[in-house]
Amino acid sequence: MSGPTPLVRLDNISAELDIDLWLKRDDLTGLSFGGNKTRQLEFYLGDAQQKGADTILITGAVQSNFVRSAASAAAKLGMQSVLQLEERVPDMGSEYYVSGNVLLAQILGAEQMSYPEGEDESGADAALHSRADELKAQGRKPYVIHLGLNHPPLGALGYVVAGQELYQQMPDFDAVVVPSGSGATHGGLLTGLALEESVASVFGICVRRDREQQKARMKTVLQNLADLLEIDAGFLQDRIDVWDEALPPGYGKVNAKTCAALEKMARTEGVFLDPVYSAKTFAGLLHLVERGKIKPGEKVVLLHTGGLPALFGYQKELVGNPA
């Protein structure tokens with residue numbers, strides 16, 4: 001469903017920040033507006049196909065790129081999809097519930113169900129299994145993609161491969177800046193680079209949880225991934241570096257720094273970011289430059305994880321923002 005993605009230099013922002021900044025264009029993975037989830041789904045749906053599944057079930061926020069990508073991948077492979085949408089972002093306008101990824105999922109013909117909590121991974125997984133049992137009774141063969149950490153992180157393998165791909169494209173970079181949410185992209189990329197013996201720093205920008213919570217989650221993700229790969233987790237866990245300055249007021253909520261970062265990228269390089277992941281990641285990069293964690297002249301890679309359909313669900317938040 002995807003191949004190697006471009007690595008492009010951001011000349012104007014490089015000059016402004018006095019660094020050598022490159023953008024890893026994982027918004028161009030293909031499959032319905034692209035995004036990082038395509039890489040993860042290759043492993044989940046490969047497993048689903050091996051098990052003879054005809055329906056996939058997955059949970060995400062209302063404007064989740066993961067569930068939209070999953071519905072696209074399922075359609076491509078001749079499967080059906082069930083998307084469980086969590087109420088993860090409170091107090092959003094009407095556009096949030098009808099446009100962007102929600103609209104695309106409807107066009108794709110996905111079944112949609114809702115879950116009232118946004119921070120109950122085990123409960124959301126249980127609700128999917130309940131629906132899967134109903135489908136089994138109808139003669140279907142469901143496959144559940146879990147949220148909880150007590151399942152093998154197959155999706156993270158997509159970013160182990162991506163880390164190796166990035167290193168092969170440009171082995172001499174000093175740092176990479178990535179979003180850190182579920183931990184699959186962050187953990188996979190960190191692991192892929194470590195396996196290539198890269199000494200580059202990997203900065204994870206918190207998009208869902210604060211720094212301490214995310215650091216604890218990353219330890220578990222990396223342990224689970226190391227178990228899957230049959231390698232030692234210790235040298236991976238020692239490289240965890242997470243930053244949460246761009247997170248407030250929380251997951252899926254924009255702030256002045258997020259809006260300013262989104263506008264800077266668009267108006268300086270002509271590249272759009274999404275308000276939930278990539279704009280916060282770029283805002284985090286700007287903070288790291290300000291703090292001196294990224295130094296003048298360093299070669300830095302910013303991972304663009306896609307998510308652009310969500311822009312249309314954030315019209316009210318982005319137009320007339322406080323930036």
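User: In this predicted model, how many bridges join β3 to strand β6?

Analyst: Strand β6 covers residues 142-145 and runs parallel to β3. Within this pairing, I58 stands opposite I145 in β6. The number of bridges joining the two strands is 4.

User: Which strand pairs with β3 over 7 bridges?

Analyst: The pairing is in the parallel sense. L57 stands opposite V82 there. The partner covers residues 80-86 and is strand β4.

User: Which helix does the chain pass through from β3 to β4, and what is the hand of the crossover?

Analyst: The chain leaves β3 and reaches β4 by way of helix α3, residues 65-76. This makes a β-α-β crossover. The helix is α3, and the hand is right-handed.

User: How many of the 7 residues of strand β3 are buried?

Analyst: Buried means under 20% relative accessible area. Strand β3 spans residues 55-61 and is largely enclosed by the rest of the structure, because its buried residues number 7 of the 7.

User: Which strands are at the edges of the open sheet of 6 strands?

Analyst: The sheet has the order β1-β2-β10-β7-β8-β9, with mixed pairing. An edge strand here pairs on one side only. That applies to β1 (7-9) and β9 (242-243).

User: What is the bridge partner of V177 in β8?

Analyst: Strand β7, residues 175-180, runs parallel to strand β8, residues 201-206. The two are joined by 6 bridges. In β8, the partner of V177 is F203.

User: Why does the distance between the ends of helix α12 agree with its number of residues?

Analyst: Helix α12 has 14 residues, 278-291. The expected span is 1.5 Å times one less than the number of residues, so α12 should span 20 Å.

User: How many residues of α12 are buried?

Analyst: Among them are F282, L285, L286 and L288. K280 and H287 are buried too. Helix α12 is therefore largely enclosed by the rest of the structure, with a buried count of 12 of the 14.

User: Which residue just after α12 takes a positive phi?

Analyst: Just after it, phi is about 85 degrees. The residue is G292.

User: D47 and K51 meet in a salt bridge; which of the two is exposed?

Analyst: Side chains of opposite charge can pair when their charged atoms come close. The N to O distance between D47 and K51 is 3.1 Å. D47 has a relative accessible area of 16%, so D47 is buried. At 57%, the exposed residue is K51.

User: How many residues apart are D172 and K299?

Analyst: The two form a salt bridge, with the closest N and O atoms 3.1 Å apart. The pair links distant parts of the chain: D172 lies in the loop between α7 and β7, while K299 is in strand β10. D172 is partly exposed, whereas K299 is buried.

User: Are E86 and R88 buried or exposed?

Analyst: E86 and R88 form a salt bridge. Their closest N and O atoms are 2.4 Å apart. Both E86 and R88 are buried.

User: What accessible area does the nonpolar patch of L195, L228, L229 and F235 have?

Analyst: The patch is on the surface. F235 is in helix α10, residues 234-237. F235 is partly exposed, at 34% relative accessible area. Together the four residues have about 290 Å².

Definitions and conventions. Residues are numbered from 1 along each chain as its sequence is written. This is a predicted model: local features need pLDDT of at least 70, side-chain atom pairs count only at pLDDT 80 or more; totals for chains, interfaces and linings use all residues. Side-chain values use heavy atoms; hydrogens and water are left out. Buried means under 20% relative accessible area, exposed over 50%, partly exposed in between (1.4 Å probe, protein chains only). Patches are made of residues with over 30% relative accessible area and no salt bridge: like charges are joined within 9 Å, nonpolar side chains (Val, Leu, Ile, Met, Phe, Trp, Tyr) within 5 Å. Accessible areas come from the Shrake-Rupley method with a 1.4 Å probe; for residues, only the protein chains shown count as cover. A salt bridge is a side-chain nitrogen of Lys or Arg within 4 Å of a carboxyl oxygen of Asp or Glu. Two strands pair if DSSP finds at least two bridges between them. A crossover is right-handed if, with the strands pointing away from the viewer, the path from the first strand over the helix to the second runs clockwise.
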